[in-house]
Every structure is written in C-alpha cells, then in structure tokens.
Amino acid sequence: MEGFFSVFTVELLNSGIRLATPILLAALGGALCNQAGVLNLALESKMLLGAFVGIVAAYYLGNSYAGLLVAMTAGGLLGLLFAFLYHKYKVDLVILAIAFNLIIVELTVFVMRAQFGNVGSWSDPSIERIPDIHIPVIQDIPFLGPLLSGYNIIVYFSWLVVLVMFVYLYRMRGGRHLRAVGENKSAAETVGINAILLQTLALVISGALAALGGAFLSIGHLKLFTRNMSNGRGWIAIAAAMFGVNHPVGVFLASLFFGFADAFSVRIQNVTDLPPNLVKLLPNVATLLVLILIALRSKIAFSMARRRFRAQLRAEEAAGPGD
Amino acid sequence: MNDPRVRKVLDAILVPLLAVLSGLVVMGILILFLKKPLFESYAILFSNGFGCKEYGNCIFITTLERATPLILTGLSAVVAFRSGMFSIGQEGQYLLGAAAAAWLGYAIHLPPVLHALVLMTGAILVGAAYGWIPGVLRVKLGVNELLATIMLNSIAALIVEYLVQFPMRADTSAVAHSPVIDTSAQLMSFLPGSKWGVGFVIAVLAVIGVYLYLWRTKSGYEQRMAGQSKRFALFGGIHSDQAAIRAMLISGALAGLAGAIEVMGVHRRIMTGFSVGLGFDGLTSAILGQVHPFGVFIVAILFSGLKLGAQLGLQLNLDIPRELGGTIIGFIILFVAAGKLYEENIARAREWSARKRGNPMKGESH
C-alpha cells in the first residue's frame, strides 16, 4: 500500500497540469463554439493537425515558437473552412468532423512517410522543445512554487485564455452577442447581430486553440510526432467543455480533472505492477462517468424547472379567482 | 429515365458517384505532388484492387474477403443511424465480439457446425450487450451517444489488448496472440489459398436481412419512424425509446458478428492490433452508401478495393504511402457531406437541358 500512496506528490499535480493543457485549450475552443451555437466535434482533427504542422514548421523554420504560430494558423484556417462549408453548403457538422478526422489521421502519416520516410513516428535532433519558464520569486515559495512555476509558455497562455474568454463572454458586448446567437440565432439576427460572422469567429478561434493544444503535445511536451498523436484528447475535450457548462472557469476545472486522471494513470503504472492496458482505462472510464453525470445534471435541472413552473401555476390558480 | 423509381435510384447514386470521382481527382493531385506517374498510378490502383491477374488468381477475391467485416459493421451503423442513434461504437462491439469468438474457439470443443454457431452466437450476444450500454444511457439519461460510444470504443480496445496480452495469450512470441481456434469452429473458404468464404455469404444474407427488417417489418418501420421524427412516432403510438434500444441491440449484434467472422474465417485467432479501424470504416461506408444496406454493400467493396490497391499496388510498386487510400476515403465522405455543392449544379444542369428541350422544369420535384 505504501507504493500506492507514494503516487500523490507535487510531481503528480505538476504533470496533471501539464497533461490538462492540451485538453484545456481544445475544450475552451469547444466551449466558445457551444456558446455560439455551433457544435464543434472536430477538435480531435484540429489538434492532430496542430501537432503535425507545429513540429514540421518548427523543423523547417528552425524555431519552435514559430512552429506554434504556424500550427495555430493552420488550425484557424481549418476552422474557417468548416465555417465556410457549414454556412455556404449547409454541410452537417458531425459528418464534417468525421471526414476531417479520417483525412487528417491518414494525411499526416502520408506526408510523414512521403517527406521523412518514417512510418510510426518522426523527430529530428535539430528541433527544440519549447523551454520551461521558471518564474523568479514564485518558484521559491514552498509547495506553491513548483505548482505554479516551471511550465512552458503554452501552459501560461492557456490560463490567460481562460481569463480573456471569461471577460469577453460575460463582461463585453461582443461576448453577449455571441451568447445571444447561441441562445437563439434567428432572434439575434433580427436585432442586427451578425450571427454568421460570430459563429465563423468562434470556429476559427477554436481551431487555433485546439491546434495549439496539439502543438503542445508534439513540441511542448515531447519532441516528436507519432501517428494519431492526439489519441482521443479532442473527444475528451468535448466532454470537458460540457462538464464545465461551457464556462471558462468550469472548463478549466473540468480539464484539470481529466489531466489529473491522465497523470494518475501514468504514475500508477510506475509504482504498481497492474497491467498498463487496464490502468490506461482510467481516463476513458472517467470521461464516460462524467458524461453520465452531465446527463443526470441536466435531467435534474429540467425536472426542477418543471416543478417550479407547476408550483407557480398552482400559486397563480390559487390567486386567480380574485381577478 | 422517366420511371420515377429509376429516377429515385439515380438520384440516390448520383451524389456518391460524383463524390467518388472528386476523391479520385484529389488522389491525382496528391500523386502529382509526390512526382509519381499519374496514369500508371490509377492503373495500378485499380488492377490491384479490383482486377484479375489470370484466371483463378483474382485480387478481387481478396477485396471481397476484406469487404466482409466492413459490410457487417456498415450495416450495424445503418441500423443505428436509421433509428436516430448516432452511434459510432462499431469498433468496440466488433473487437469484443472478436474476443468472445476467439475465446469460445479454443476454450470449448464441440462438433463442427455446432461449434461455429456457438462462436457466432457468443459474439452476437457480446456485441449486442455492448451496444445496449450506450442505447440505455441515451434513452434513460440522455447521455450523448456519439461521445459515449467513442469512449466505449477506447475502453473496449484497451480491454481486448489486455485480454490478448495476458489471460488469452498463447505463447511468448513478440506479437501477443491467442491460441488458434479449433478447426470445428473455422469458416470454410471457397478457393484454396484464399480466405473468401462462408463469411461473405453471411454478410450478403445480413444485407438482405437488414433491408427486409427495416423496410418490410413493423418493428423496422417503427425504428425508422423513431429515427426520422420522434414526435411523429409518438403520435403514431410508437415507443421510440424501445425502438432506439432495439436498434442499438441489433447494431451491436451485427458488429459483434463481424468480429466473429473475422476471427473464424480470416485470422483464426485474435492478436494485438486486431482492429485496423474497421469499425470506423464501416461507419464511413454507411454514410457514403446513403445509409442503405445495398449502398453499404457496394461501398464496402469499393473501399476495400481502394485500400487494397493502395497497399498492395501503390505502396509496393510505386512507393506511394498506403495512407493514400484512407485519405481518399476521407475526402470522399467530405464530398458526400458537401452534396449540396453537386445538387445545385445538378439542378442547374437539369434545368438547362429541360429548357433546351422546350419543356421547362418538368419533373423537377422529388
């Protein structure tokens, strides 16, 4: 049992935060799309695209930060393509997501093989990992120091996005318009809100964020690209967006939960002799349970709203005969 | 041309056909990027996917063998989609069905035909049970079935990997695999040296069975109505919840059967990396096949041919990565989804030809 408890350390929290980052970035993008009323199920493919484009650009440009920017641009452009196909040709977003999933899984390996001659994974010694940032004063605080310091720029950027998105959605005019579009598109359009523009914007930003999350995997965390590197994180991100009720802070907490589940399953493999396949089940089972929880929550909310409505009706009826 | 039934079939085929052609154009562009000979590539792709080298040595036979599980997983998706369940859980159901069949194949010993039947029944039951889970979660709690089935797929994949590497493992070879199943449980093949056999016949029967069930029986009708409009179904006294769960049971059963046939007819065992995305390919062939059993049958054969041609032909002969096949399939789905693009142009072309005949807009409505 001692081996089991030795799992819980600051390093666990540390790697939990790291592993939460790609999920968080994609989930924030997904939440933004949900708020704007466009279902973005293609986070997985945008992530994988970001992972691949990021490392390839880092290799050719000789700068990993430039790789991040190129990855974000690529993800944003894919989001733009989605918006175009969705608005112009009314393509079903679910099928679009499935098609792009397949195309990007296969096309990345296709290009990897054709360009670099590698089958399973690719890396090059010239590629540099995005360096970790050690914040001068904070890193010396006991316990909190190692928790807050020592991550790379993508992690801090993802925290910044949480803040910016919160301010935008709940404190700014544009954000209110965006939420109005998600609430009722035609009503928003009648009061002069450009719904198509806002939905396009949401898809582009979410593409860029998901791609950055992917690039975190290939040049921010490891230093290589492997076939299907995103490995379902995009789908988990969709669950995280739902779990966090599409609120930036909620999404942040939900992503941390999935990140810790992931980190926990990695750690536990090191200290116990449980079969790795079974331990790897943990994040997936956690996601499934969360999905059930989300459904239960909305079911309860629905029945409570109905009960309130009935109580109101009864109260009105009781007061009714008077007038 | 003027027979409305012929017209209906033509309308259904036109968009997928144009999508496939567009996909082949994209393939040409990718091949030109690699600076490989364009026309030779097409020739090699088709001769290695659909051709015959000489009498009795047909690659097309292998294509049919590869298409067998795809037809069944495609049918599985058709039953789910038609009933309003966007389940993409075929992969997981297929894997667990295969594992169940592999285990029953070596763990128990029975006389020939009976043993095969037991394997298939076992796989069908396991697949149906695994399809039931997302069905019930959807109907009782409202859990999104798309996300639930994605998670269940990963869970099934990890469980099967575990089973193959530990409890079911036959020896300590590099690639973990289970013991070979008894000959009494194996499915016969039609030609020596090929694995195209009884499994294909079962798949064809399943195509006909699913068609008859969905379009010629009361419960099938109920399921389709529940899929098209839940309210209308309710108005007509159909329990759409029950119909949805029934659909998921049948869908899971078909995918599980696909796994059993792959074990019994092709590999005779289960090993690591058993599934090569077959469940997902089934889903895509359902989409491209207009969510119709006959469409799935044709598209599954087409897909298998494209993949085989890319793998055996393009990769071995021209050194073009075999992922080209999958990429093209992805693009074809994209083009099908963007069907409006073609429909606008088809409508315009029809209008134009009708005007030329001095007969404006005749029969334009569906």
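Residues are numbered from 1 along each chain as its sequence is written, and chains are lettered from A, with ligands numbered from 1, in the order in which they are written. Because the model is predicted, local features need a pLDDT of at least 70 and side-chain atom pairs count only at pLDDT 80 or more, whereas totals for chains, interfaces and linings use all residues.

The predictor assigns the complex an ipTM of 0.84 and a pTM of 0.88. Where pLDDT is low, the predicted coordinates should not be read in detail.

Chain B contains 14 helices and two strands, assigned as DSSP runs (helices H or I, at least four residues; strands E, at least two) and numbered from the N terminus. Its radius of gyration, taken over C-alpha atoms, is 22 Å, close to the 21 Å that the globule rule (2.2 Å times the number of residues to the power 0.38) gives for 366 residues, so chain B is as compact as a globular protein of that length. Buried residues make up 53% of the 366 residues in chain B, where buried denotes 20 or more other C-beta atoms within 10 Å of a residue's own, exposed 12 or fewer, and partly exposed a count in between.

Within helix H8 (residues 218–228) of chain B, the buried residues are Gly220(B), Glu222(B), Gln223(B), Met225(B), Ala226(B) and Gly227(B), and they pack against helices H3 (59–82), H7 (198–216), H9 (230–235) and H10 (240–267) of chain B. Phe274(B), located in the loop between H10 and H11, is buried, with 23 other C-beta atoms within 10 Å. Leaving aside neighbours within four places in sequence, Phe274(B) is in contact with Leu95(B), Ala98(B) and Val160(B); Leu95(B) lies 179 residues away in sequence, at a C-alpha to C-alpha separation of 7.7 Å.

The contact between the chains takes 34 residues from chain B and 37 residues from chain A. Helices of chain B that each supply at least two residues to this side include H5 (112–141), H6 (145–165) and H11 (278–288).

Definitions and conventions
Two residues are in contact if their C-beta atoms, placed from the backbone, lie within 7 Å.
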